[in-house]
Amino acid sequence: MIKLVDLHKSFRTQKVLDGLNLDIETGKTTVIIGRSGGGKSVLLKHIIGLMRPDSGEVLIDGTDITRLGDRDMNEIRKKFGMLFQEAALFDSMTVGENVAFPLREHTHMKEEEIRQTVADRLHAVGLTGVQEKMPSELSGGMRKRVGLARAIAMLPQIVLFDEPTTGLDPVMTEAINRLIIETQRAFNLTCIVISHDIQSIFTVGHRIAMLYEGKIIADGTPEELKASRNPVIVQFLAGSIDGPIRIM
Amino acid sequence: MNRVAAPVDRLGRAVLENVEEMGKILLLFLSVLAWMFRPPLKLRNILKQMEFVGVKSIFVVVLTGTFTGMVLALQGYHGFKMFSAESLVGSTVALGMTRELGPVLTSLMVTARAGSAMAAELGTMRVTEQIDALYVMAANPVKHLIVPRVIAGFLMVPLLTAVSDFMGILGGYFVGVHILNINSGVFIRNITRLVDLNDIYSGLVKAATFGLILSLVGCYKGFNTSGGAEGVGRATTEAVVLASISILVSDYFLTAIMF
């Protein structure tokens, strides 16, 4: 269970999180939506401890990770996998070495077992025989698949997705969305997806939370959100320039 | 703020920023020391960096060392000729190379070649979230990225300096003996008579210090990059400038302490 309690975070004079509260349901996919530059990625970085809040708590299975030292934080991070926006594959390593990285780092598996696990994870994301390729030889969609294979290499409980479909064509967007759904089901993951791609939101999300001006202003099922009369949500979902969301 | 106070304020801020930066580099060094001895050793990463910093710099270091030795012999010859002391050319070249020019020029060349690459590579890893990915996978970036580079800098710059010293003396020998017609026996005897092993050792100690400085500064600047491609370019330039200045300044103090 992930619980965010009264999170505040400012960069100089700019308030990014302003008393944010959110409960993430275990074993479900929660999509966090909000405008570009609205603090979604900052929120994700708080959940995995890459940033610390000015005040507030981030509770992972009851442990407030904002107070943890490096060693305890790393233990918590082993519960997580993360797919970065541009996949963040290590470009000095092959695809196989990338997926094997967490296994080599945290397990005592033999090379043969590692090879088999890497092949299994790549197969789970629909890739075969790419182990020896370098990340620079892959397309954007393939890089994201490899990124997901690496994120689930250690079979984590929670996977974070930072704008998984940004920059992809519609067909690849649908393919990645399906992959998120299938992976979530297959490994019974708790997924947190950050996105502003309206179609993807309703495809992958069991719950949708809207971040606006540093707070979660709505949190519900896709149907509840669609039925919302909150003018911010209505404007955001309609992609309209008229409404309370100001264009900067 | 009035006209008098404004420049003083700017100067004060600049000094504070530089002191703060030095402090952060020192903290990074302590962190490197702490992670260096924590198993498992990433031997493959270390060897890869040693190859990059050392083996791949040999050509440029050989070229720099040889021509520096040659020009030292040429310049020295014309000076010493005025006092009919041409026989001292060999020892001057050898002392100049081992004590000063070998370590300084080698580390400046390695800064330009490898220090800049460290900043650019780590900077790119920072802006493409590869460093965040390491944190997320509970892997410490200092251990994985910085420790191997600092070890490589510390070990390989002295070795490259030894190569540079040797090539410089060889270049000086070629110019002195074959072009300027100094007697070969006199050239070599003056080197063995006037150059002490301590001259060589102290040059190598300097080189190790410079290797440490250039790799730490390169890694620090790269690791703390922000702002996309422009940020990577800025980090690379700053790394080369700061490392070069630090090498030259520390060279003075090391010389003052050792000789």
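This dialogue reads a few features of a predicted model.

Visitor: Which residues have the most contacts inside the largest nonpolar core?

Guide: In soluble globular proteins, nonpolar side chains tend to be buried together. Here the largest nonpolar core has 124 residues, and Met82(A), Val159(A) and Leu160(A) have the most contacts inside it. Helix α6 of chain B, residues 141–179, gives the most to this core, with 15 residues.

Visitor: What does Met82(A) touch, not counting residues up to four places away in sequence?

Guide: Met82(A) touches Ile48(A), Ala151(A), Val159(A) and Leu160(A), together with Val136(B).

Visitor: In which sense do strands β1 and β2 of chain A pair?

Guide: In a regular strand the side chains alternate between the two faces of the sheet. In chain A, strand β1 (residues 2–11) and strand β2 (residues 14–24) pair in the antiparallel sense over eight bridges. Leu7(A) stands opposite Leu20(A) in β2(A). The hairpin of these strands has two residues between them, and Arg12(A) there takes a positive phi near 55 degrees.

Visitor: How many bridges join β1(A) to strand β4 of chain A?

Guide: Five bridges join β1(A) to β4(A), residues 55–60, and the two run antiparallel. Val5(A) stands opposite Glu57(A) in β4(A).

Visitor: What span should helix α9 of chain B have?

Guide: At 1.5 Å a residue, the 31 residues of α9(B), residues 228–258, should span 45 Å. The end C-alpha atoms of α9(B) are 43 Å apart, which agrees.

Visitor: Which residues of α9(B) are buried?

Guide: An α-helix has 3.6 residues a turn, so residues three or four places apart point the same way. The buried residues of α9(B) include Val232(B), Thr236(B), Ala239(B), Ala243(B) and Ile247(B). What covers the buried residues of α9(B) includes α4 and α8 of chain B.

Note on methods
Residues numbered from 1 in each chain as written. Chains lettered and ligands numbered in written order. Predicted model: local features only at pLDDT ≥ 70, side-chain atom pairs only at ≥ 80, totals over all residues. Core = buried A, V, L, I, M, F, W, Y, C linked by C-beta atoms within 7 Å. Buried ≥ 20, exposed ≤ 12 C-beta atoms within 10 Å, placed from the backbone. Helix = DSSP H or I, 4+ residues; strand = E, 2+ residues; numbered from the N terminus. Contact = placed C-beta atoms within 7 Å. Pairing = 2+ DSSP bridges. Expected span 1.5 Å × (residues − 1).
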